[in-house]
Amino acid sequence: MYEAIQIVHSYWAYLVVLVVTLATINALIGFFTKREYAPKDFRVSLFALIVTHLQLLIGIIIFFVSPTIMWFTDGVSVSDIMGDPLLRLYNVEHPTVMILTVVFITVGYSKHKKKLTSTPKLKMLAIFYTIAWLLMLSRIPWANWF
Ligand code: HEM
């Protein structure tokens with residue numbers, strides 16, 4: 001059970017990183033070149049929303065079954081977790097920052113839909129997706145992933 005979810009979370013992350021990167025670059029280029037909002041902008045931003053939400057669900061499940069999560073282990077204190085950089089990353093920083101990443105993607109997607117003209121739409125996507133992208137890249141466990 002755990003192994004299967006770990007593999008899914010690990011491989012799905014490649015898709016998440018790829019799609020969020022593409023959606024962010026697309027929004028930034030669209031905003032700075034002041035071009036018209038096109039169906040592909042809608043599609044790529046929606047795809048980023050979907051893949052991140054699925055990763056959020058998988059992440060929540062793995063949080064409760066992974067042996068690297070120590071919150072439910074007897075004899076392990078908060079200071080043990082906070083005092084070890086790797087334990088802190090998996091137990092605190094990665095889950096918190098990834099949830100924030102999904103929040104920024106969701107808010108950006110929803111705000112861009114409410115705007116009626118091209119530049120404000122692309123501006124919302126550019127701002128919120130760039131913040132989400134930077135947050136996501138900052139807390140991926142790179143050393144243990146590749
Ligand atoms: C944008 C969302 C996310 C991305 C891109 C992402 C990416 C990753 C990556 C690349 C790994 C390392 C996999 C490996 O070592 O093979 C990982 C591990 C992990 N993630 Fe996420 N994650 C996301 C969201 C979440 C969330 C929301 C949670 C929990 C609420 C979570 C909990 C975990 C846990 C517990 C591990 C360690 C699993 C283990 O090796 O036992 N992730 N994640």
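This is a predicted model: local features need pLDDT of at least 70, side-chain atom pairs count only at pLDDT 80 or more; totals for chains, interfaces and linings use all residues.

Visitor: How many helices and strands does the chain have?

Guide: The chain has 6 helices and 0 strands, where helices (H or I, at least four residues) and strands (E, at least two) are DSSP runs, numbered from the N terminus. Read along the sequence, the pattern is α-α-α-α-α-α. The C-alpha trace spans about 55 × 30 × 25 Å along its principal axes, and buried residues make up 38% of the 146 residues.

Visitor: Why is His9 called buried?

Guide: His9 has a relative accessible area of 17%, and the word buried applies under 20%, so His9 is called buried. His9 is found in helix 1 (residues 2–33). Leaving aside neighbours within four places in sequence, His9 is in contact (heavy atoms within 4.5 Å) with Gln55, Ile58, Gly59, Ile62 and His94.

Visitor: What makes the site of the iron atom of the ligand octahedral?

Guide: The site has 6 donor atoms, with angles of 87 to 179° among them. Donors are N, O and S atoms within 2.8 Å of the metal (3.2 Å for Na, K and Ca), and water is not among the atoms, so sites may look incomplete. Six donors count as octahedral if opposite donors are over 155 degrees apart and all others between 65 and 115, and the site of the iron atom is accordingly classed as octahedral.

Visitor: Which residues coordinate the iron atom of the ligand, and at what distance?

Guide: The iron atom is coordinated by His9 (NE2) and His94 (NE2), at 2.0 Å. Because His9 lies in helix 1 and His94 in helix 4 (residues 85–114), the pair ties together parts that are 85 residues apart in sequence. Both His9 and His94 are buried.

Visitor: Why is Thr106 called partly exposed?

Guide: Thr106 has a relative accessible area of 29%, which falls between the limits for buried and exposed, so Thr106 is partly exposed. Thr106 is found in helix 4 and, not counting residues up to four places away in sequence, touches Leu49 and His53. The C-alpha atoms of Thr106 and Thr52, 54 residues apart along the chain, are separated by 9.2 Å.

Visitor: How do you know whether Ser45 is buried or exposed?

Guide: The relative accessibility of Ser45 is 2%, so Ser45 counts as buried. Ser45 has its place in helix 2 and touches Tyr109, His112, Leu125 and Tyr129, with residues up to four places away in sequence not counted. The C-alpha atoms of Ser45 and Tyr129, 84 residues apart along the chain, are separated by 8.7 Å.

Visitor: And Lys34: what is its phi, and where does Lys34 lie?

Guide: Lys34 has a positive phi of about 60° although Lys34 is not a glycine, and Lys34 lies in the loop between helix 1 and helix 2 (39–63). With a relative accessible area of 51%, Lys34 is exposed.

Visitor: At what angle do helix 1 and helix 5 pack?

Guide: Helix 1 and helix 5 (residues 118–138) pack at an angle of about 145°, with their axes 8 Å apart; axes are lines fitted to C-alpha atoms, for helices over the stretch in contact, and angles run from 0 to 180 degrees between N-to-C directions.

Definitions and conventions: Residues are numbered from 1 along each chain as its sequence is written. Side-chain values use heavy atoms; hydrogens and water are left out. Buried means under 20% relative accessible area, exposed over 50%, partly exposed in between (1.4 Å probe, protein chains only). Four donors count as tetrahedral if all angles lie between 85 and 135 degrees; four count as square planar and six as octahedral if opposite donors are over 155 degrees apart and all others between 65 and 115; anything else is irregular.
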